[in-house]
Amino acid sequence: MSETHFDEYEHYNFDQDKLVNSGHSGKGRTKKEASEHTNHFDPSGHSRKIATKLQNTEANAKQANVAAAAAAAKKS
C-alpha cells in the first residue's frame, strides 16, 4: 500500500486505532490470543499460595530461633 496519499493525520489515526480496537486484550493481541494468555486452571490447587505460605513459615521460624537465642544469651 502506497503512503504517498497519506497526510500527517493518517499515521496518527493508525497509531490510535491500534490502541482503541484492541478489545481490552492489551499488547495488540486479538481477543482469541488474549483468551489464550489468561490464568489457566491448575489442577494441583493454589500452588503459589502454598509455596508462599511455606516460605513465610520457614522465615518466621528462623526469626523466632534467632530471637530466642539472643534472649538466652542475654540472660546468661
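Mentor: A salt bridge here is a side-chain nitrogen of Lys or Arg within 4 Å of a carboxyl oxygen of Asp or Glu. Keep in mind that this is a predicted model.

Trainee: Okay, so why is the K62 and E58 pair called a salt bridge?

Mentor: The closest N and O atoms of K62 and E58 are 3.9 Å apart. The cut-off is within 4 Å, so the pair counts. The structure holds 1 salt bridge, and that's the one between K62 and E58.

Trainee: What makes K62 and E58 separated by about one helical turn?

Mentor: Both sit in helix α3, which covers residues 47-75, and they are 4 residues apart there. In general, side chains of opposite charge can pair when their charged atoms come close.

Trainee: Why is K62 called exposed?

Mentor: K62 has a relative accessible area of 52%, and exposed means over 50%, so K62 makes it.

Trainee: And why is E58 called partly exposed?

Mentor: E58 comes in at 48%. Buried is under 20% and exposed is over 50%, so a value in between is partly exposed.

Trainee: How do you know which helix has the highest confidence?

Mentor: Look at mean pLDDT: α3 has the highest among the elements, at 93. Helix α1, residues 8-20, has the lowest, at 64. Where pLDDT is low, the predicted coordinates should not be read in detail. Over the protein chain the average is 79, and 75% of the residues score at least 70.

Trainee: What makes up the secondary structure of the protein chain?

Mentor: There are 3 helices and 0 strands, running α-α-α from the N terminus. Of the 76 residues, 5% count as buried.

How values were computed:
Residues numbered from 1 in each chain as written. Predicted model: local features only at pLDDT ≥ 70, side-chain atom pairs only at ≥ 80, totals over all residues. Heavy atoms only, no water. Helix = DSSP H or I, 4+ residues; strand = E, 2+ residues; numbered from the N terminus. Buried < 20%, exposed > 50% of the residue type's maximum accessible area, 1.4 Å probe, protein only. pLDDT = per-residue confidence, 0-100.
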